[in-house]
Amino acid sequence: MKRRSFFNSIPAFCSAGALSVSGGYNSAASDSGHKAFSPDTLLAGMTLPELLEQHKHDLIERFIPFFMEHMVDHERGGFYPYTDLEGSPRDDGGKRIWWTGRGLWTVSTFYRLIDQNNDFLTIAEKAADLIIKNAPDGDNFWPSPLNHDGSPSSKQAPALYEDMFAAEGLAALAAATGEKRCRDLAKHTILKCLRRYDSPDYEYLSTYGLAIEPLKAPRILGHWMVFLNTCSQLLAVEHDNELLAVADRAIDALLEHHLNPSFDLMNEIICHDLSRPDNGFEQFSYTSHALETMWMLMSEAERRGDEALFTEAAHLFRRHVEVSWDDVYGGIFHGASHVDNNQWLLGKSMWAQVEVLVGCLLLFRHNGDTWAAEMYGKMYRYFQENYSLEDRGCPLWLLGGDRTLAAERAGTGDYYHNARWLMLSTVMLNDMV
């Protein structure tokens, strides 16, 4: 793979404005007044230039070569989401729209922000073609999984998340190339998903492994998260009243309804009418999802220039990080299955740890927050010491495991959360330097 100079490719993008949720830019947000930093400022025991160089190395020398060699289907389009430590695909279940959309987001964003090499654009276009040719009629969801050749599989499990990640990937390609067809399909998909979500017959049966009866047509924090995230990315490029209304609805639902005032934590699942459930979900806080959503809300507040919204999102981000931190072994737990009984889901996924890093860096960049700096350093050291697989001959990071990581989740290769953490952190650090 030919690459133009990584370092020389960054400044042109960083001068365009502030980082949005997507890793995109919005020129209006650049006037929001990010703190100015000295090159001697320390984070995680490194100066900002040193930390930037480390992230450039991890992104360009570790992640991208492994991803390009082992996780991209160069011939048929699409991606292999998980591999073993040597790079062989671990899941032969076909190509889910979920991971195809996420992979499309990754390569499109890398092309736009980091390296405008046509290799990445070719990969993105093939993935987009695979998604577009399977676009459903009416208000149907995309078929998923797909066969490896991109045709629909007979084992279909369509879902809102699948479609919203397709929309996010298409939005990222549209931002990278100006492709109107992709933007229009992304918007169409968002509005369709919202119609399905608003239906009293909407089905979402996941209970996150908890022994709780599913709610009828529930409202899900993670659903508002993907609505907010994808709308924010499109709004960073072009104003749209319909998409802004969707983002506004998501923000209102999160802060006025999912936030449980009894313990100042987010409920993952509430009733369709946005009331508090009267079963065990009233005590369920998927804290890792919540803090991920809160950094996205901080970024959207920056895009809007809304300091009050930023402050509220920052408070809730900090609250969920602190509550879920494991003071014994380090890292954050997945979530609280019952807040009042102090019962926790003790697993520690890789993606949840890096969401803390993204949020802390965003908060620190915004105003030099001292708590964010301290937590960033604590999490960065914990993550690199416990999740890096370099000492096993693999350049990537562990997917996660139990509380102490003694029982590990097999394999590696999350090319969405992992890549997003590295790309957004690289751009933010470069901006600060």
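In the predicted model, Leu 51, Gln 54, His 55, Asp 58 and Arg 62 of helix H3 meet Tyr 376, Tyr 380 and Gln 384 of helix H13, where contact means heavy atoms within 4.5 Å. By class, this contact of H3 with H13 comprises three nonpolar, three polar and two charged residues; Ala, Val, Leu, Ile, Met, Phe, Trp, Tyr, Cys and Pro count as nonpolar, Asp, Glu, Lys and Arg as charged, and the others, Gly among them, as polar. Two packed helices are described by the angle between their axes and the distance between the axes. For H3 (residues 48–70) and H13 (residues 370–387), the axes come within 14 Å and cross at roughly 35°. Axes are lines fitted to C-alpha atoms, for helices over the stretch in contact, and angles run from 0 to 180 degrees between N-to-C directions. The crossing of H3 with H13 is left-handed, a term used if the near helix is turned anticlockwise from the far one by less than a right angle, with right-handed used if clockwise.

The model is a prediction in which local features need pLDDT of at least 70 and side-chain atom pairs count only at pLDDT 80 or more, while totals for chains, interfaces and linings use all residues. Residues are numbered from 1 along each chain as its sequence is written, and side-chain values use heavy atoms, with hydrogens and water left out.

The chain contains 14 helices and twelve strands; helices (H or I, at least four residues) and strands (E, at least two) are DSSP runs, numbered from the N terminus. Along the principal axes, the C-alpha atoms fill a box of roughly 55 × 50 × 45 Å. Of the contacts in the chain with a separation of 6 or more, 67% are between residues 24 or more positions apart.

The accessible surface of the chain comes to about 16,200 Å², and 47% of this area belongs to carbon and sulfur atoms. Areas come from the Shrake-Rupley method with a 1.4 Å probe; for residues, only the protein chains shown count as cover. Of the 433 residues, 62% are buried, meaning under 20% relative accessible area, with exposed meaning over 50% and partly exposed in between (1.4 Å probe, protein chains only).

Several buried residues lie in helices. Thr 287 is in helix H10 (residues 287–304) and counts as buried because its relative accessibility is 0%. Leaving aside neighbours within four places in sequence, Thr 287 is in contact with residues including His 320, Ser 324, Phe 333 and Trp 344. Phe 310 belongs to helix H11 (residues 307–324) and is buried at 2% relative accessibility. With neighbours within four places in sequence again set aside, Phe 310 is in contact with Met 298, Ala 301, Glu 302, Leu 362, Leu 363, His 366 and Asn 367.

Gly 359, in helix H12 (residues 350–367), is buried at 0% relative accessibility. Not counting residues up to four places away in sequence, Gly 359 touches Trp 295, Met 298 and Phe 317. Gly 359 and Ser 425 are 66 residues apart along the chain, and their C-alpha atoms are separated by 9.6 Å. Leu 424 is part of helix H14 (residues 417–432) and is buried, also at 0% relative accessibility. A distance of 16 Å separates the C-alpha atoms of Leu 424 and Gly 103, which are 321 residues apart along the chain.

Most residues other than glycine have a negative phi, and most peptide bonds are trans. Ala 44, which is not a glycine, has a positive phi near 55°. Ala 44 is found in the loop between strand E3 (42–43) and strand E4 (46–47) and is buried at 14% relative accessibility. Asp 264 likewise has a positive phi, of about 55°. Asp 264 lies in the loop between strand E6 (259–260) and strand E7 (265–266) and is partly exposed, with a relative accessible area of 24%. Ser 144 and Pro 145 are joined by a cis peptide bond with omega about 5°. Pro 145 is placed in the loop between helix H5 (118–132) and helix H6 (160–177).
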